[in-house]
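Welcome to the tour! Open your viewer, get your selection tool ready, and follow along one stop at a time.

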Amino acid sequence: MTEGYRQKDYGQPVKRYCQTLDLKENPELIAKYKEAHSQSRAWPEIIEGIRSVGILEMELYILDNRMFMIVETPLDFDWDAAMAKLATLPRQSEWEDYVSLFQDCRPGSTSDQKWSMMERMFHLYDPK
C-alpha cells in the first residue's frame, strides 16, 4: 500500500468529493461487502449508473469497519441533481438494500443518505 495509487488523467480539471460510512463490526460481513465490490462481483448496472450521472471515478478505501469514498467529477458537476437521478436508476434501490445488510445504516436509505460528506480541513496550500 505504500506505493500509492495512480490517478487518472482526464485532460480537464476535476473536483473531488470525500465521504465516509461505517460498516457493521462483523468480519464475515465486511469480507462479503468487499467481495460485493470486487471487479468480478460488482453489478454492471450500478457501475453504468454511476458513470451515467457524470461521475468520472469512484474509489472506496477501508480500514477495519470504516469506509472512505473518493468521487471525482467535472467542475460543473451538480452533486444533488446527480444523487437524485442515481436513486431512480434501474437496480439502484435493490443495490442499496443489498449493501445496507453490511452497512451501519437504516434499511431503505439511498446512497446519499448513507454516506456522510467530509469537510476538507487541510491541503498543501499554494505558496503566495
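This is a predicted model: local features need pLDDT of at least 70, side-chain atom pairs count only at pLDDT 80 or more; totals for chains, interfaces and linings use all residues.

Stop 1: Side chains of opposite charge can pair when their charged atoms come close. To see a case, select arginine 66 and aspartate 22, which form a salt bridge with their closest N and O atoms 2.5 Å apart. Arginine 66 belongs to strand 3 (residues 66–74) and aspartate 22 to strand 1 (residues 14–22), so this pair ties together parts that are 44 residues apart in sequence. Arginine 66 is partly exposed, at 41% relative accessible area, and aspartate 22 is partly exposed too, at 26%.

**Stop 2: two helices.** Now select lysine 114 and glutamate 96, a salt bridge whose closest N and O atoms are 2.9 Å apart. Lysine 114 sits in helix 5 (residues 111–114) and glutamate 96 in helix 4, so parts that are 18 residues apart in sequence are tied together. Are these two side chains buried or exposed? Lysine 114 counts as buried at 8% relative accessibility, and glutamate 96 is buried at 7%.

**Stop 3: a network.** Select Glu45, Arg91 and Glu94 together: salt bridges with shared partners join them into one network. How many salt bridges does the whole structure hold? A search finds seven.

**Stop 4: the surface.** Finish with Met121, Phe122, Leu124 and Tyr125, a nonpolar surface patch with about 580 Å² of accessible area together. Tyrosine 125 lies in the segment after strand 4 (116–117) and is exposed, with a relative accessible area of 53%.

Note on methods:
Residues are numbered from 1 along each chain as its sequence is written. Side-chain values use heavy atoms; hydrogens and water are left out. Patches are made of residues with over 30% relative accessible area and no salt bridge: like charges are joined within 9 Å, nonpolar side chains (Val, Leu, Ile, Met, Phe, Trp, Tyr) within 5 Å. Accessible areas come from the Shrake-Rupley method with a 1.4 Å probe; for residues, only the protein chains shown count as cover. A salt bridge is a side-chain nitrogen of Lys or Arg within 4 Å of a carboxyl oxygen of Asp or Glu. Helices (H or I, at least four residues) and strands (E, at least two) are DSSP runs, numbered from the N terminus. Buried means under 20% relative accessible area, exposed over 50%, partly exposed in between (1.4 Å probe, protein chains only).
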